[in-house]
Amino acid sequence: MPDLAAPPTAPVQLSALLARRDLGLRQVAGPPAGEGGGAAVHWVHTSEMADPYPYLLGGELLLTAGVQLADDPDRYAARIVAAGGAALGFGLAPVYDTVPDALGAACDRHGLPLVEVPTRTPFTAVARAVWGLMAEARHHELRRVSQAQQGLAAAAARPDPVPAVLRQLATRLGGRAVLLAPDGTALQAAGREPEPGAREALAALARVVRPGAGAPGAGTPGAQPPPSPAPGAGPAGPRPAPTSATDTAGSAHLAAYAVAGGEGLVLGVATTSREPGDHTIAGVAVVLLSLLTAPRQGADEAARSSALVRLLLGAAPADVSPLLGEGPWTVVHAHGTGAPPALGSPLVDTSADTVRILLPADREVARHPGWTLGLSAPAALRDLPAADAQAGRALRHAKATRTPLSRHGTTGLAALLDPTEAAAHARTLLAPLGDPPPPALLETLRTWLALHGSWDRTAVALAIHRNTVRQRIGRCATLLGSDLDDMDVRTELWFALRQG
């Protein structure tokens, strides 16, 4: 199975679906939900294939009426488990009046939850319930992160900001927050003490993310080792420490985050559970602690810190932009799991699914494990909105092409032309699309051309159905009166779209 990124929404616990009386679902085999909520359902898939393995990504509630249920139910259940399926929903009628006993026994053997779907409940109702529960969870997560961000920002403005931030973080996560010195001693701490053994495990985890710590040790799944050097390459240099790591100690969930500005300081967190949004909340605290503990800030750094804190406290961007300087700047859009990559910059926005980072254009940006990055071209302060759009397009391109980092290009033929004339030519060429052209048409056409006319990859990049892509591209071809299969036409359009 490929290592696919988790979906942006929190999974739905199987117990939440079973609790919906309107659905009438009943678990008849497999491990019971229990206190933990049971299997985590990331999405719903319906299949009547005798072997659904090739069509599963992992985490699905697979719904079937057993139209092609194989003679070997054991292999059927084993293949679903091998593909990472979360649970199997078996619909009664029109093929079976009851769930086959052999299938139930197979699900028990392989630890696959088996749910009976009554005749009165269509599969679409189950799918709609899952999406509804996901939307509720996502709304709760965003509200929780937003409230925590406001609380942390207010704490950072107090006279004793470091302990205030730690207290606020411990309260928001329901656990322990501690700022560790380079030698592992606790400088400041807040929240209830973790269970015995967790303190030592957290100190050991902090050594993984501390600069100069070397290769991460075993038992720290949050720390990803760097790739091996290519054959024939010279000896690899010192391995850079990861910016975050996670582990468990008994029932305690542990996380450690490198504090960028604190000369070896580490933020350690110990909680009794791990909830969606915890890493984002901790990431905001890390940024604030990096600013608060950074020694001897220069004038530029102090101004940028002031800009960040004012933004966090609700100031309009126009009010703080003079503090940032003219640039040039690079805008980075990042999407992934775990602690957000600050890339050494205090100017990080973690309030949405896509993390946005503003950093000086001369700073090198490397790949970040677990994250996909899109970078804008260098831009002056007045051009940051356009750079933000460039970074968004670069991120979508990186996702569609499954590359960890994509940059918005600024060289090529366009660099040889007068910008004013190039922009005028672009406006004339694209004028048939509308004045102004609908953003959906422009973005679809731009992405489709960038991905060499691939319907599927364009649909993935824009998070829309491939038929929607076909309709929009067909609409563009009609309005432009052009054959979009012609390479000359595509080249002209790509040039025009690059001017925007």
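Leaving aside neighbours within four places in sequence, which residues is Leu-69 in contact with? They are Tyr-76, Phe-90, Tyr-96 and Pro-100, where contact means heavy atoms within 4.5 Å. The structure is a predicted model, in which local features need pLDDT of at least 70 and side-chain atom pairs count only at pLDDT 80 or more, while totals for chains, interfaces and linings use all residues. Residues are numbered from 1 along each chain as its sequence is written, and side-chain values use heavy atoms, with hydrogens and water left out.

The overall picture comes next. The protein has 15 helices and 17 strands; these are DSSP runs numbered from the N terminus, with helices (H or I) of at least four residues and strands (E) of at least two. Of its 500 residues, 43% count as buried. Here buried means under 20% relative accessible area, exposed means over 50%, and partly exposed is in between (1.4 Å probe, protein chains only). The protein exposes about 24,900 Å², and carbon and sulfur atoms supply 55% of that area. Accessible areas come from the Shrake-Rupley method with a 1.4 Å probe, and for residues only the protein chains shown count as cover. Among contacts between residues at least 6 apart in sequence, 64% join residues at least 24 apart.

To return to Leu-69, this residue lies in the loop between strand S5 (60–64) and helix H2 (73–82). Leu-69 is buried, with a relative accessible area of 15%. The C-alpha atoms of Leu-69 and Val-95 are separated by 10.0 Å, the two residues being 26 apart along the chain. Pro-94 is found in the loop between strand S6 (87–91) and helix H3 (101–110). A cis peptide bond joins Ala-93 to this proline, Pro-94, with omega at about 5 degrees.

Salt bridges are the next topic. A search of the whole structure finds 15 of them, a salt bridge being a side-chain nitrogen of Lys or Arg within 4 Å of a carboxyl oxygen of Asp or Glu. One of these pairs is Asp-160 with Arg-167, whose closest N and O atoms are 3.5 Å apart. Asp-160 is partly exposed at 30% relative accessible area, and Arg-167 is partly exposed at 38%. Together with Arg-158, Asp-160 and Arg-167 are linked in a network of salt bridges.

Another salt bridge joins Glu-443 and Arg-446, with 2.9 Å between the closest N and O atoms. Because Glu-443 and Arg-446 are three residues apart in helix H12, about one helical turn separates them. Both partners are buried: Glu-443 has a relative accessibility of 17%, and Arg-446 has one of 11%.

The side chains of Asp-456 and Arg-466 also meet in a salt bridge, at 2.6 Å from N to O. Asp-456 lies in helix H13 and Arg-466 in helix H14, so the pair ties together parts that are ten residues apart in sequence. Asp-456 is partly exposed at 45% relative accessibility, and Arg-466 is partly exposed at 30%.

His-452 is not a glycine, yet its phi is positive, at about 60 degrees. His-452 sits in the loop between helix H12 (439–450) and helix H13 (455–462), and is exposed with a relative accessible area of 63%. Ala-463, likewise not a glycine, has a positive phi of about 60 degrees. The loop between H13 and H14 holds Ala-463, which counts as exposed at 70% relative accessibility.

His-452 is also among the residues touched by Arg-490. Not counting residues up to four places away in sequence, Arg-490 touches Trp-448, Leu-449, His-452, Gly-453, Leu-484 and Asp-485. Arg-490 belongs to helix H15 and is buried, with a relative accessible area of 17%.

Finally, Asp-483, Asp-486, Asp-488 and Glu-492 form a negative surface patch. Patches are made of residues with over 30% relative accessible area and no salt bridge, with like charges joined within 9 Å and nonpolar side chains (Val, Leu, Ile, Met, Phe, Trp, Tyr) within 5 Å. Lys and Arg count as positive and Asp and Glu as negative, while His and the chain ends are not counted; the place of a charge is taken as NZ of Lys, CZ of Arg, CG of Asp or CD of Glu. Asp-486 lies in the loop between helix H14 (466–480) and helix H15 (487–498), and counts as partly exposed at 32% relative accessibility.
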